[in-house]
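Colleague: Walk me through this one, please, and tell me what each label rests on.

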Amino acid sequence: MYCKKCGKEIDETATFCPACGAPVSDRSVEPVKETAPAAPVRTNQLAIVGFVLSFFVALAGLICSIIARKQCRENGEGGAGFALAGIIISIAEIVLVLFYVVIFVVVVAHLPMA
Ligand SMILES: [Zn+2]
């Protein structure tokens, strides 16, 4: 293995680098990983709410999903996939509605005046 501090090749059994004196054993290098318990990942409730809402109220679903996605990123919570799906579905619905509105406006604008 190699010293993480100076990069010099050192003996596998060594706990300290002979060149720079830095600790090189795995135990002393990464103590945080062992002490941190593997807590079950909580699912962000807002992500599920936003996902469900996106099917019925696109704008509300979009807002909830965006907030949920931000929370998932910041808190490390699960449900980022739900939030992303909610965002995509909401945007798709809004685009579809706008598309129909545009078509409706164009059709109405071209109707002959009665
Ligand atoms: Zn070293």
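**Val-107 and the zinc site**

Modeller: Let's start at Val-107, which is found in helix α5, residues 80-109. Helices here are DSSP runs of H or I with at least four residues, numbered from the N terminus. Bear in mind that it's a predicted model: local features need pLDDT of at least 70, side-chain atom pairs count only at pLDDT 80 or more, and totals for chains, interfaces and linings use all residues. Numbering runs from 1 along each chain as its sequence is written, and side-chain values use heavy atoms, leaving out hydrogens and water.

Colleague: Why is Val-107 called partly exposed?

Modeller: Its relative accessible area is 48%. Buried means under 20% and exposed over 50%, with partly exposed in between (1.4 Å probe, protein chains only), so Val-107 counts as partly exposed.

Colleague: Which residues coordinate the zinc ion?

Modeller: Cys-3, Cys-6, Cys-17 and Cys-20, each through SG, at 2.2 to 2.3 Å. Donors are N, O and S atoms within 2.8 Å of the metal (3.2 Å for Na, K and Ca); water isn't among the atoms, so sites may look incomplete. Their sequence spacing is C-x2-C-x10-C-x2-C.

Colleague: How do you know that the arrangement is tetrahedral?

Modeller: Four donors count as tetrahedral if all angles lie between 85 and 135 degrees. The angles here are 106 to 119°, so the arrangement is tetrahedral.

Terms used
Tetrahedral: all angles 85-135°; square planar, octahedral: opposite > 155°, others 65-115°. Helix = DSSP H or I, 4+ residues; strand = E, 2+ residues; numbered from the N terminus.
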